[in-house]
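Hi everyone, thanks for coming.

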Protein chains: 2
Amino acid sequence: MTSLAPATADTALHPYDLASPVFKAHEGGKLRVTSTMDLHSRDALSLAYTPGVADVCLAIAADPTIADTHTWRSRVVAVISDGTAVLGLGDIGPAAALPVMEGKSALFQQFAGLSSVPIVLDTTDVEEIIATVVRIAPSFGGINLEDISAPRCFEIEDRLRDLLDIPVFHDDQHGTAVVVLAALRNAAKITGRTLGDLRVVVSGAGAAGVACTNILLTAGVGDICVADSRGIVHLGRGDLTNVKSILAKTTNKAAHSTTIEKALEGADVFLGLSAGAISEEAIASMAPNSIVFALANPVPEIHPDIASRHAAVVATGRSDFPNQINNVLAFPGIFAGAFDVGARSITENMKLAAAEAIAAIVADELSATNIVPSAFDPRVAPAVAAAVAAAAVADGVARASTLAR
Amino acid sequence: MTSLAPATADTALHPYDLASPVFKAHEGGKLRVTSTMDLHSRDALSLAYTPGVADVCLAIAADPTIADTHTWRSRVVAVISDGTAVLGLGDIGPAAALPVMEGKSALFQQFAGLSSVPIVLDTTDVEEIIATVVRIAPSFGGINLEDISAPRCFEIEDRLRDLLDIPVFHDDQHGTAVVVLAALRNAAKITGRTLGDLRVVVSGAGAAGVACTNILLTAGVGDICVADSRGIVHLGRGDLTNVKSILAKTTNKAAHSTTIEKALEGADVFLGLSAGAISEEAIASMAPNSIVFALANPVPEIHPDIASRHAAVVATGRSDFPNQINNVLAFPGIFAGAFDVGARSITENMKLAAAEAIAAIVADELSATNIVPSAFDPRVAPAVAAAVAAAAVADGVARASTLAR
């Protein structure tokens, strides 16, 4: 379910069958807006609409916090995309991205009971995207950015976090990072290591690669070496973006500068976040009891059955193998927890708390093939929400005026 | 329910009681987004979300019309406001406008079964509003502009109609105009006149005044004299906006240039669309069997009991008197009909057809106190939708690819 390296598909040649189960499932769309009140009487209408509604409008004009309790907005997530990095399909545009955003909104509702509205944008300009989101923000309680290509996604998220006082969360970065950290905590425990013991090689320096690297460093992972399509990200390269230049400074204590295969020799963890395949030989060269997360979808960087010949723990992004790294474990509970306490932002501690909560769910059932809960485990979203809410309060970003669910 | 002349309220001093029925009714908001599918199984998730959804994305990239049938967008109305002319409250800003927009979205759902999302904007700049709506438009099937102050609303609607190929409709203008025309058709019939016989005086040259004047002229009303807060709109005035200059050319055959009281002498119809009161003497000076629509809310330009001493037919915007001119008679059915045939715009003929459909509902029950159906008459929205859809097809603005409801 993680969106990884974009690759522009030859869409004009892709065949499709409108009678197939997939198309039948999407017919008419996957969302509905309903009213929580019956408005078919004069009394109901005069309370919910004119003239009664004027009292609520005036109260909000006098005290804006009343909008948090007396409109729907404080529990609505906008799922926003420009369609530039959709699933593994690449830049397919806003209309073609809408089915994914609708699905994401449906997941917010089904897994956390939150309302969510998909908004696809007819622009790919960074400044226009930022301006548009700022202008529609008073309608929503939180902004979930989705499937926006790197490196644009970094600037868009950073600027929006500065400009808005509601949670802004780029799920392709931080949702993935939270679930990867949760899984890595449990994989380390099973193989008798601490996070500080781990030497990690990350394949991919897009949205997910950068965010995973950052959260793993924050969580105390010993050393990380990052590779992109041109090789190891290191200070000697002249072709680095801003974000990769920062990565080059914070990573690669071992000063690798050649190939990902070289970096993998003796490494504890392979974290695949790109479509680039990795050879069995490279996996075999890792440290004993290695950990392999091959998260490219639908084709992992190495087949999990092959990786299992050498690694002690193997995870993928696929639902048909053990240890599925699935963002749905994170984003519904993270927004629900943030909304429960009216958090003004999603802090690092809130993300770390979410990862710990996910890891803790399977603490008593931990095994090499059960390092993360199932996507459908009903304990996950409430546990994540509670941990995130507590971290928001501890970080001082909670508001008092929001109603409990 | 019509939004009329804005007057900025002293919001800071307005008292409110969170324990009152109005605030209880609005607690937590009035809308929810739900999913039409149960996603709590791997099979469902793999159809509605990854990997299945990729097939739908690619199909839309190859054939954009598939977005009309296989996402929710072609039956979703965005209700968009900048909060500058909310009800009679004036410029109260986006957050304070949200309860009204939520209510409007709830009415779309309850009266026409359409999904609708309220979007309030953190800008009042005309160019920024237009750019923002264009950029979010791929997410929606239609745009209902709401409570945007005149004359800005005219340019915003005109430009968006040019820029977008989905229905754009400023309800404060055209919803009001459609229901006024419906009511006036029946009032004329009851008093033994044709539309061409009527000499109408319109009080108010804001959004509703301009749109009502235009639709009445298109429908064949004999002559119309429009007054704003500075008196009669006529060619000799040096202070006219673009829109009012055009009105001055298309109206006022009798060449009035003094006061509204003078214009009302011998007139057939008074159409009040402002908060400015009108005297009993002025109403008494009208032609025999006069028609008085005093639509200011909550305080009509003249009390209907007083108007009834002199007029044959009296209508107001209030639900506690006969003949309520209520936009909810128009907008749900207009969008439903447009969506039913995938209309690319709302044409003049579609609005005229809506007015005729509303008027026809009460044809067999017509009386001086029953010139329009009740807001809750279940026949209205389906009849309006059918008439509007037929007019869209006749005007050649219908698309073929939209699914029926």
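**A walk through the two chains**

Let's start with a piece of chain A: β4(A), helix α7 (residues 152–163) and β5(A) form a right-handed β-α-β unit. Right-handed here is about the path from the first strand over the helix to the second: with the strands pointing away from the viewer, that path runs clockwise. And when I say helix or strand, I mean DSSP runs, H or I of at least four residues for helices and E of at least two for strands, numbered from the N terminus.

Before I go on, a word on the ground rules: this is a predicted model, where local features need pLDDT of at least 70 and side-chain atom pairs count only at pLDDT 80 or more, while totals for chains, interfaces and linings use all residues. Residues are numbered from 1 along each chain as its sequence is written, chains are lettered from A and ligands numbered from 1 in the order in which they are written, and side-chain values use heavy atoms, with hydrogens and water left out.

Back to β4(A). What does it pair with? On one side of the story there's strand β2 (residues 76–81) of chain A, which runs parallel to β4(A) and is joined to it by 4 bridges. Then there's strand β5 (residues 168–170), also parallel to β4(A), over 3 bridges. Pairing means that DSSP finds at least two bridges between the strands.

Now the side chains of β4, residues 142–145. A:Gly142 and A:Asn144 point one way, A:Ile143 and A:Leu145 point the other way, and all are buried. Buried means under 20% relative accessible area, exposed is over 50%, and partly exposed is in between, using a 1.4 Å probe and protein chains only.

Follow the chain out of β4 and you reach A:Pro151, in the loop between β4 and α7 of chain A. A cis peptide bond, with omega about 0°, joins A:Ala150 to A:Pro151.

What about disulfides? A:Cys153 is in none, and the nearest cysteine sulfur, from A:Cys212, is 12 Å away. A:Cys153 is buried, at 1% relative accessible area.

Zooming out, chain A has 16 helices and 11 strands. Its radius of gyration is 22 Å, close to the 22 Å that the globule rule gives for 405 residues, so chain A is as compact as a globular protein of that length. That radius is taken over C-alpha atoms, and the rule is 2.2 Å times the number of residues to the power 0.38. Buried residues make up 63% of the 405 in chain A.

Last, how do the two chains relate? A rotation of 180° with 0.0 Å of shift along its axis superposes chain A on chain B, RMSD 0.0 Å. The two copies are thus related as by a two-fold rotation axis. In chain A, the C-alpha nearest the axis belongs to A:Val33, 2.2 Å from it. The superposition is by least squares on the C-alpha atoms of residues with pLDDT of at least 70 in both copies.

Terms used
Disulfide = S-S within 2.5 Å.
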